Amino acid sequence: MASGNSMRVKEGLLRAHRLGRGVPVFFLSLLLVAFIGTLDYLTGSELRFSVFLLIPVALAAWRGFYQGVVISVAGAFTWWYVDLHMIHAHSTALIPLWGTLVRLGIFLAFVYRIRQRKVISEDLKRAHEWLG
């Protein structure tokens, strides 16, 4: 009975350790979104850095699905904000909204694909360990 309790404690500590490792990655991803958005805003419409928002989305998605979704929303919102405050005007307010929704869809598809890749990677690792 005592060994069962110690095993549960070890598993709980391991889960807490894994969760704790994801928190810095999440905040790093948020900082990267802010940095890329600021850089994109400062360089104007001549140079666009928004495509690099896929980097923090990928980092967050590798740590967890919901982290990837939150960073995707933050990235799409950042891209929308930068587009809205650029010098050029849009013929209608729906154009920036449409672009934001399309980008969000791309980010979310990217999150889904990365999560699939991680599951496959973990399954292969377990199979390799099991086979010896």
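Visitor: Is Leu59 buried, partly exposed or exposed?

Guide: This is a predicted model, and the classes rest on relative accessible area: buried is under 20%, exposed is over 50%, and partly exposed lies in between. Leu59 has a relative accessible area of 33%, so Leu59 is partly exposed. Its place is in helix H2, residues 54-63.

Visitor: Which residues of H2 are buried?

Guide: Pro56, Val57, Ala60 and Ala61 are buried in H2. Viewed down the axis of H2, the buried residues fall within an arc of 130°, so they line one face of the helix.

Visitor: How many aromatic pairs does the structure hold?

Guide: There are five aromatic pairs. For the geometry, planes over 60 degrees apart count as edge-to-face, planes under 30 as stacked, and the rest as tilted. Phe26 and Phe27 form one of the pairs, with 5.6 Å centre to centre and 70° between the planes, which is edge-to-face. Phe26 is buried, at 18% relative accessibility, while Phe27 is partly exposed, with a relative accessible area of 48%.

Visitor: What is the geometry of the pair made by the rings of Phe77 and Trp80?

Guide: The ring centres of Phe77 and Trp80 are 5.2 Å apart and the planes are at 35°, so this pair is tilted. Both residues sit in helix H3, residues 65-84; because they are three residues apart there, about one helical turn separates them. Phe77 is partly exposed at 47% relative accessibility, and Trp80 is partly exposed with a relative accessible area of 26%.

Visitor: How many helices and strands does the protein have?

Guide: The protein has four helices and zero strands. Read from the N terminus on, the order of elements is α-α-α-α. Of the 132 residues in the protein, 26% are buried.

Visitor: Where in the protein is confidence lowest, and where is it highest?

Guide: Confidence is read from pLDDT, which runs from 0 to 100. Helix H1, residues 2-43, has the lowest confidence, at a mean of 74, and H2 has the highest, at 94. Over the protein, the mean pLDDT is 84, and 82% of the residues reach 70 or more.

Key:
Residues are numbered from 1 along each chain as its sequence is written. This is a predicted model: local features need pLDDT of at least 70, side-chain atom pairs count only at pLDDT 80 or more; totals for chains, interfaces and linings use all residues. Side-chain values use heavy atoms; hydrogens and water are left out. Rings of Phe, Tyr and Trp (its six-membered ring) pair if their centres lie within 6.5 Å; planes under 30 degrees apart count as stacked, over 60 as edge-to-face and the rest as tilted. Buried means under 20% relative accessible area, exposed over 50%, partly exposed in between (1.4 Å probe, protein chains only). Helices (H or I, at least four residues) and strands (E, at least two) are DSSP runs, numbered from the N terminus. pLDDT is the predictor's confidence in each residue, from 0 to 100. The arc is that of the directions from the helix axis to the C-beta atoms.
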